[in-house]
Amino acid sequence: MTAMEVGSAPPLTERPTWKALEEHYHKIRHLHLRQIFADDPQRGTRLTAEAAGLHLDYSKHRVTDETLELLLRLADDRGLAERIDAMFSGQKINVTEQRAVLHIALRAPVGERIVVDGADVVPAVHAVLDRMATFTDAVRGGRWKGHTGRPIRNIVNIGIGGSDLGPVMAYEALRHYSRRDMTFRFISNIDGTDFVETTRDLDPQETLFVVCSKTFTTLETLTNAHTARAWCLRALGDEEAVRRHFVAVSTNAEGVAKFGIDPANMFEFWDWVGGRYSMDSAIGLSTMLAVGPEHFRAMLAGFHAMDRHFRTTPLDRNLPVIMGLLAVWYTDFFGAETVAVLPYDQYLKRFPAYLQQLTMESNGKHVTLDGARVDYQTSPIVWGEPGTNGQHSFYQLIHQGTELIPCHFIAFCQSLNPLDGHHDLLMANVFAQTEALAFGKTAGEVESEGTPARLVPHRVFEGNRPTTTILADRLTPEILGSLVALYEHSVFTQGVIWDIDSFDQWGVELGKALAQRIGGELQGDGPPAGGHDSSTTALMRRYLQSRSGSAR
């Protein structure tokens, strides 16, 4: 089934499979997890699945066997299996841009064949990986030297969006495996503070900038790159220094050369790689520089293991499918507007931010593949912080607030930094939170503790708050790859159900275009040009007055 055939089918909410779920929801919406578990003593071991080193416990969800069966029928009705095959076979499922969606090719092993427009792309992927590895070994081994002959000690990645969120998340997640005698930093914000604070204590003679921009025209990235170029040349004084202190991840060889970067030091990626799916492409060069080629390839192997599971495993045992269908269940039937991602590992502190882009840029859409306005909710808002910090911040609202917030708990059975007693306490909190959210504490239980009657309502926990628990043995490069791919494919599953294009992002374009226009006006000599609304015009004038020191 092609993308357009899916788009031309009857509207989602008019399909019998959807209506059956609506009817079922009204029957079980008040069913409590206390009762669900009491009726099924084996549920905690039965509603689990494993793949690619990850253990998924979805037993603490407000679903019955019938719910799961109806969700799977919906997936079949939406042609999910066919859409998975379409993606893996290189069909142009990004219909608004007429592009294939092949981030899965970035982690395909040598010998696997993935064809786009008649060409096998896997050899090109590995050619870039090999070039990245050669360059990485030269930098880490001290053979690549700066303009003055000193070795590179500092790596600064300049990007934005997927060219920043992926690399910084991966670096933080894999810091345990990184070179500790090198410094790794990231600049993304066009706010000058980001550049100044990132470079304040760095020596230009020992600093290498990795400029990540597919088109080499991204406003924020190129602004920061030119600032970095000027910073470098102020210290080194020779235009030739750019060739030793800058490399590019791009497809625009002409733009790269004009900047002063040797095109031989440009690492390529392709238009079938979306920015938010690119951390395992050349965009991950800073990650490879941090952890080395061997660990980077191990991460790719983890990605591929989850890819293989997603493509070959029946839907009822398929981890990304299960997670994606549960997201649809809560978003569209319970009206849950957000999902909290709660990693109980400090190394994953940037993982929720990474998932914000992956999820909301992919599925924050208001029309279907054929352009019809949707009459249902699409992407939830994703947010979160590492445990246990979040417990002393926003968990109050999750436990006793009025919003239903499905939560994802991510944890590891073995700590990378074992300190006496710490990890047992950390994991105790994981298990305690999911138990408390599911089962709560009744008024009777509170009263039995001798609580004064006036305080009983305040100490009641309603429970019935759904949680997913993802466990792995240790946070390794392989497991990070598996974890990211799990969420990538879950997002894709949701997009298939909602009949939207998860791989374009037109919503970011209008603001960018207006910023270009307004930026020109702010940097000109005259007052703001016409054509803006009264609020925008007044704000621009207020800014210009303040900038010139004439504000009152």
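With which residue does Asp 307 form a salt bridge? In this predicted model, the partner of Asp 307 is Arg 107, and the closest N and O atoms are 2.7 Å apart. The structure holds 29 salt bridges; the pairs described below include Asp 307 with Arg 107, Arg 150 with Asp 203, and Arg 276 with Glu 361.

**Asp 307 and Arg 107**
- Asp 307 counts as buried because its relative accessibility is 1%, under the 20% cut-off.
- Arg 107 is likewise buried, with a relative accessible area of 3%.

**Arg 150 and Asp 203**
- The closest N and O atoms of this salt bridge are 3.0 Å apart.
- The pair links distant parts of the chain, 53 residues apart: Arg 150 is in the loop between helix 7 (122-140) and strand 5 (154-158), and Asp 203 is in the loop between helix 9 (192-199) and strand 7 (207-212).
- Arg 150 is partly exposed at 31% relative accessible area, and Asp 203 is partly exposed at 24%.

**Arg 276 and Glu 361**
- These side chains meet in a salt bridge of 3.0 Å, N to O.
- Arg 276, in the loop between strand 9 (266-267) and helix 13 (285-291), is linked to Glu 361 in helix 16 (residues 351-363), 85 residues apart.
- Arg 276 is buried at 2% relative accessibility, whereas Glu 361 is partly exposed at 22%.

Conventions. Residues are numbered from 1 along each chain as its sequence is written. This is a predicted model: local features need pLDDT of at least 70, side-chain atom pairs count only at pLDDT 80 or more; totals for chains, interfaces and linings use all residues. Side-chain values use heavy atoms; hydrogens and water are left out. A salt bridge is a side-chain nitrogen of Lys or Arg within 4 Å of a carboxyl oxygen of Asp or Glu. Buried means under 20% relative accessible area, exposed over 50%, partly exposed in between (1.4 Å probe, protein chains only). Helices (H or I, at least four residues) and strands (E, at least two) are DSSP runs, numbered from the N terminus.
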